[in-house]
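Q: Can we go through this model together? I'd like to start with the overall layout and then get into details.

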Amino acid sequence: MSTPSATPHPHARRLLRTARSLAVLAALVTSASCTAEAPAAAPPTSAPPATASATPGPSWPATVVYEATGTGPADIEYYDAAGQFRQLSGKKLPWRLSFVSDGSTQRMVVVTQRTDGAPTMGCRVTIGGTETGPPKISNGGWRATCAG
């Protein structure tokens, strides 16, 4: 039978240091992720209860219209009614596409123009006849992005 050696393994110290370092690191990570303070509760007020927004969202299904404005050819990227990403190259501006959406997919159009001059182009998205935001105009830029 062999007896345990009184001499520690040559790598024992290094392994012990590594284990201690990992334990300290784990404690720090756990401490950092678990010590987030909850936001303070707002003091009670006598304000009336919130009411519905003045500009309600569209009721679905709704007609979605993408528009790309400007002159000359442009590359157009958009999500269609099925949520599929589409790319069109060299389309003549102005360009327009409309479809009916059930509201479950992303709605976005990107217009890109690469010319020697300074292109002026823009885009717009409307849903149910309401613009989703101000039209994006790219004066001298090469891309305009609109979403809704």
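This is a predicted model: local features need pLDDT of at least 70, side-chain atom pairs count only at pLDDT 80 or more; totals for chains, interfaces and linings use all residues.

A: Helices (H or I, at least four residues) and strands (E, at least two) are DSSP runs here, numbered from the N terminus. On that basis the chain has one helix and nine strands.

Q: What order do the elements run in from the N terminus?
A: The order is α-β-β-β-β-β-β-β-β-β.

Q: Which share of the chain is buried?
A: Of the 148 residues in the chain, 22% are buried. Buried means under 20% relative accessible area, exposed means over 50%, and partly exposed is in between (1.4 Å probe, protein chains only).

Q: And what do the contacts say?
A: A contact means heavy atoms within 4.5 Å. Among contacts in the chain with a separation of 6 or more, 52% are between residues 24 or more positions apart.

Q: Switching to strands. How many of the residues in S6 are buried?
A: Six of the eight residues in S6 (residues 120–127) are buried, so the strand is mostly covered.

Q: Which strands does S6 pair with?
A: Two strands pair if DSSP finds at least two bridges between them. S1 and S6 run antiparallel and are joined by six bridges, with Val65 partnered by Thr126 in S6. S8 (residues 136–139) is also antiparallel to S6, over four bridges, and there Met121 stands opposite Ser138. S7 (residues 130–131) is joined to S6 by two bridges, again antiparallel, and Ile127 has Thr130 as its bridge partner.

Q: Aromatics next. How many pairs?
A: Rings of Phe, Tyr and Trp (its six-membered ring) pair if their centres lie within 6.5 Å; planes under 30 degrees apart count as stacked, over 60 as edge-to-face and the rest as tilted. By this rule there are four aromatic pairs. The rings of Tyr66 and Phe99 have centres 5.4 Å apart and planes at 75°, so this pair is edge-to-face.

Q: Where do those two sit in the chain?
A: Tyr66 is in strand S1 (residues 62–69) and Phe99 in strand S4 (residues 95–101), 33 residues apart, so the pair links distant parts of the chain.

Q: Buried or exposed?
A: Tyr66 counts as buried at 0% relative accessibility, and Phe99 counts as buried at 12%. Tyr66, Tyr78, Trp95 and Phe99 form one aromatic cluster.

Q: Last one: what does Val111 touch?
A: Val111 is in strand S5 (residues 108–112) and is buried, with a relative accessible area of 0%. Not counting residues up to four places away in sequence, Val111 touches residues including Ala68, Leu93, Met121, Cys123 and Trp142.

Conventions
Residues are numbered from 1 along each chain as its sequence is written. Side-chain values use heavy atoms; hydrogens and water are left out.
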